[in-house]
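Work through the exercises below with the coordinates open. Each task is followed by a solution in steps.

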There are 4 protein chains.
Amino acid sequence: MSDASQSAPLRVVVWNEHIHEKQNAAVAEIYPEGIHGALAQLLSAGLPNAGVTTATLEQPEHGLTPELLADTDVLLWWGHLGHHLVDNRVVARVHDRVQQGMGLIVLHSAHLSKIFTRLMGTTCNLRWREAEDREVLWPVAPQHPILQGVKLPIVIPRHEMYGEFFDIPAPDELILISNFSGGEVFRSGCCFYRGKGRVFYFSPGHETYPVYHQPEIARVLVNAVRWAHQPAISDIPTDSSPESPVDWYQA
Amino acid sequence: MSDASQSAPLRVVVWNEHIHEKQNAAVAEIYPEGIHGALAQLLSAGLPNAGVTTATLEQPEHGLTPELLADTDVLLWWGHLGHHLVDNRVVARVHDRVQQGMGLIVLHSAHLSKIFTRLMGTTCNLRWREAEDREVLWPVAPQHPILQGVKLPIVIPRHEMYGEFFDIPAPDELILISNFSGGEVFRSGCCFYRGKGRVFYFSPGHETYPVYHQPEIARVLVNAVRWAHQPAISDIPTDSSPESPVDWYQA
Amino acid sequence: MSDASQSAPLRVVVWNEHIHEKQNAAVAEIYPEGIHGALAQLLSAGLPNAGVTTATLEQPEHGLTPELLADTDVLLWWGHLGHHLVDNRVVARVHDRVQQGMGLIVLHSAHLSKIFTRLMGTTCNLRWREAEDREVLWPVAPQHPILQGVKLPIVIPRHEMYGEFFDIPAPDELILISNFSGGEVFRSGCCFYRGKGRVFYFSPGHETYPVYHQPEIARVLVNAVRWAHQPAISDIPTDSSPESPVDWYQA
Amino acid sequence: MSDASQSAPLRVVVWNEHIHEKQNAAVAEIYPEGIHGALAQLLSAGLPNAGVTTATLEQPEHGLTPELLADTDVLLWWGHLGHHLVDNRVVARVHDRVQQGMGLIVLHSAHLSKIFTRLMGTTCNLRWREAEDREVLWPVAPQHPILQGVKLPIVIPRHEMYGEFFDIPAPDELILISNFSGGEVFRSGCCFYRGKGRVFYFSPGHETYPVYHQPEIARVLVNAVRWAHQPAISDIPTDSSPESPVDWYQA
């Protein structure tokens with residue numbers, strides 16, 4: 001672990017399946033550069049010293065080569081229709097990188113992505129309804145870095161409803177809970193530690209509403225990238241190897 | 001610790017400040033025997049082998065003598081107007097018993113009771129509004145014993161709003177989250193482990209609505225008493241004492 | 001969910017790969033009926049009303065048919081050399097049953113079993129050493145049911161060392177921590193909630209030491225089966241399905 | 001909450017009862033400037049942009065005036081013989097500041113200080129032995145900022161034994177566990193969130209051993225101050241006040 005690396009630029013990759021935008025004119029109108037384009041833009045604006053790039057499903061290896069992932073500090077993931085089209089080898093590669101310390105931010109319908117369910121070990125199912133609900137996100141962890149400088153509560157005027165029971169392990173840190181005008185609640189901001197990596201699930205972002213154009217949503221995402229990023233990854237061994245002899249600590 | 005004690009009858013005490021019922025005819029109409037009377041009745045019905053008694057603020061030592069507490073397995077606590085009237089020595093006594101393994105169920109406005117804030121170490125403040133909201137309680141821990149057999153979600157047609165941020169430590173187990181029709185959320189069912197004791201905070205129960213007459217609320221309370229009760233209290237030492245010599249475990 | 005089912009007999013299955021016992025005379029001498037046989041015997045003794053059966057790797061479908069698993073309340077899992085020989089379809093089947101509420105107790109070297117790593121989402125690696133350490137297990141959750149009636153701390157005179165960092169998610173409840181005479185520590189008793197199921201990892205049980213013949217280890221296992229068993233499984237939906245209309249709760 | 005404040009210098013106060021150093025020549029020899037002096041020195045060295053000052057029991061108001069605390073970002077606390085001499089009004093003042101977002105680092109025998117037990121709500125008792133044990137601290141949270149750049153495990157060649165059961169609430173983040181050569185374990189690095197504040201308990205630091213002269217201990221403390229410091233405190237309300245009308249979020 002080296003302090004010198006702390007001044008290295010933050011390398012962010014936004015991954016998007018990029019299907020809705022090509023199939024649905026309404027989505028394309030909201031996100032003319034794709035959801036990944038909008039996310040990259042807001043992150044670039046909020047993280048002036050970061051290098052932000054994008055990758056999509058249709059690229060070779062979904063744009064997530066071993067070389068790229070090795071050089072990625074934080075990966076964002078948006079997917080919905082194409083979960084089953086993601087190659088298991090790429091999923092394993094991303095999973096390995098999270099174990100090694102890469103940050104991962106999982107967005108909206110990616111709750112059912114292969115990478116998220118593999119990290120959670122549960123179904124990650126939830127209840128949902130498309131019905132123009134108003135969603136209000138309330139903080140339950142005032143000291144958390146991801147909430148710093150965010151105007152709270154966050155109100156999304158119209159959004160798809162995501163409701164409990166959300167079948168995840170209890171988050172290591174629960175930071176936001178949503179109220180839906182239809183009567184439901186949802187754990188909409190959840191932090192998990194897995195291996196050496198930090199994982200943030202953030203539920204806003206249905207493709208038919210301009211959620212990622214809201215400045216307070218952008219602020220959460222910028223904060224989340226900073227939080228998920230570890231400038232120096234711990235060198236604590238996580239392989240399965242025999243310990244040195246009993247007197248190892250005498251040296 | 002003895003298995004024999006497992007067949008001993010469960011001893012439950014319902015404590016209530018018993019002020020609203022005497023000051024407000026509307027409350028007295030809902031709870032003619034007092035809130036404590038209603039709670040004792042529903043617990044007696046749901047726990048046929050338990051001995052359920054009550055105690056109130058106006059009694060000597062608030063009805064909570066050392067002898068009574070020593071013989072109490074689970075204590076329920078309802079208070080609001082009279083928090084400041086509770087003698088600090090009685091609070092210390094109840095606190096000690098929780099540390100020793102007595103169960104404690106803290107209801108509604110008792111979030112600001114001396115005993116609860118002392119156990120939490122935080123302000124326990126929250127946001128509130130009296131405005132006839134509909135409250136819906138959703139489960140977030142399907143395997144939890146307190147939710148067993150409860151028809152979910154629980155709907156309280158009209159209730160005082162309790163909203164986040166609720167200034168408590170993160171619960172050891174969060175089991176219920178509420179939606180209010182006014183737009184708020186609340187962690188309405190929270191389990192805490194403190195010392196050898198189990199503590200459950202359950203927010204329903206504003207005095208001007210017949211909440212404790214709802215059968216699903218009664219079921220939660222019955223389950224909570226069962227959960228908070230430890231038939232055999234651990235004999236793991238929790239005093240501050242010097243350890244025996246290095247070879248203690250060779251004996 | 002039905003209370004009637006609470007009186008149904010508890011159905012326990014002990015799964016063991018059953019390889020060491022056939023390859024190593026020293027192991028066979030300690031466990032002449034196999035590790036599964038020893039476990040089944042101690043559970044039958046401690047749970048008089050339970051039906052305890054066994055299953056092993058070499059059986060068709062490893063003895064874990066859909067029918068058997070559907071009728072299993074709690075499954076114990078011991079494996080080491082044969083993790084890679086376990087059919088992925090059987091692993092998926094066990095995983096599904098845990099999500100639905102079956103209890104699972106994962107023993108010793110099964111930390112690297114397919115079922116455990118799949119439930120955890122991490123590598124589950126740890127540090128280890130075979131060096132005749134003395135292991136002492138200390139309680140850190142005195143109110144936990146699994147520790148009830150157990151003489152603490154538990155001393156295992158000679159045991160394989162399992163040490164931190166153990167690459168698991170933070171347990172939902174950490175109940176035991178081990179000291180090894182070589183200088184290491186280990187989170188040796190860990191509770192996890194996944195889906196509707198309860199999972200307990202318990203590290204004692206290296207095949208070359210008579211650990212499962214120690215009465216306090218047996219008591220932990222008996223308690224763990226009771227804890228992992230849910231007489232009535234919650235009917236809270238965990239499938240991914242659209243919610244009913246906005247006025248669902250008006251009915 | 002203002003980002004501008006992030007460049008303000010970090011203000012650290014080291015509080016020490018300062019009794020042992022005056023009563024025991026051996027302690028004075030290890031810490032000629034007092035334990036507070038040694039801590040201030042190592043923090044100044046590790047945090048070049050911080051302003052580090054000290055305060056002690058014998059000063060008026062124990063050196064912790066309202067003005068000083070209002071200007072303190074992180075407070076460290078070392079106490080042992082004089083816990084009962086600390087004025088309850090000063091304790092309440094420190095407690096209030098933690099609720100408002102001041103960081104607090106509680107060291108060694110301060111586990112029984114009034115401020116720590118008040119924040120925890122439990123006895124905070126533990127088992128102990130003065131017997132020249134070797135203590136080894138192992139990491140259980142590799143991604144945690146407090147462990148960044150620390151050579152692990154940390155070995156303290158001779159130290160007082162602090163052992164479980166340590167009667168605290170389950171930490172929000174458990175990051176270090178100790179092995180003692182006498183056979184015990186201890187949760188030696190524990191993070192808690194209380195109100196808007198961050199609290200770290202770190203057990204090393206018995207007065208008769210030169211523990212605070214070890215560079216890896218110093219690194220943990222420097223990291224802990226950085227972690228406990230919040231450059232911008234959340235303005236999420238934590239008072240108990242009625243919520244604005246139902247249409248608050250329409251503005």
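**Exercise 1: the A–C interface**

Between chain A and chain C an area of about 3000 Å² is buried, and carbon and sulfur atoms give 51% of it. Buried area here is the accessible area (1.4 Å probe) that two parts lose on being put together, summed over both.

The model is predicted: local features need pLDDT of at least 70, side-chain atom pairs count only at pLDDT 80 or more, totals for chains, interfaces and linings use all residues, and side-chain values use heavy atoms, with hydrogens and water left out. Residues are numbered from 1 along each chain as its sequence is written, while chains are lettered from A and ligands numbered from 1 in the order in which they are written.

Task: describe the side of chain A that touches chain C by element and by class.

Solution.
- Step 1. The contact (heavy atoms within 4.5 Å) takes 40 residues from chain A and 40 residues from chain C.
- Step 2. Six residue pairs are in polar contact across this interface, both residues at pLDDT 80 or more. A polar contact is a pair of N or O atoms within 3.5 Å; within protein, one must be able to donate a hydrogen and the other to accept it, and residues adjacent in sequence count only if both atoms are side-chain atoms.
- Step 3. At least two residues each come from α5 (88–100), α6 (114–120), β5 (127–139), β8 (185–194) and β10 (241–242) of chain A. Helices (H or I, at least four residues) and strands (E, at least two) are DSSP runs, numbered from the N terminus.
- Step 4. β5(A) gives the largest share, four residues.
- Step 5. The classes are 18 nonpolar, 13 polar and nine charged residues. Ala, Val, Leu, Ile, Met, Phe, Trp, Tyr, Cys and Pro count as nonpolar, Asp, Glu, Lys and Arg as charged, and the others, Gly among them, as polar.

**Exercise 2: the D–C interface**

Task: find which residues of chain D lose the most area to chain C.

Solution.
- Step 1. In this pair, 20 residues of chain D are in contact with 19 residues of chain C.
- Step 2. The buried area is about 1500 Å², with 68% from carbon and sulfur atoms.
- Step 3. Trp138(D), Phe165(D) and Val185(D) lose the most, together 34% of what the chain D side buries.
- Step 4. Eight residue pairs are in polar contact between chain D and chain C, both residues at pLDDT 80 or more.
- Step 5. On the chain D side, β5 (127–139), β7 (173–180) and β8 (185–194) give two or more residues each.
- Step 6. By class, that side has 11 nonpolar, four polar and five charged residues.

**Exercise 3: the symmetry**

Task: state what relation superposes chain D on chain C.

Solution.
- Step 1. A rotation of 180° with 0.0 Å of shift along its axis does so, at an RMSD of 0.0 Å. This is the relation of a two-fold axis. Superposition is by least squares on the C-alpha atoms of residues with pLDDT of at least 70 in both copies.
- Step 2. Asn179(D) is the residue of chain D that comes closest to the axis, at 2.9 Å (C-alpha).
- Step 3. The copies meet through the same surface, because 95% of the interface residues of chain D are also interface residues in chain C.
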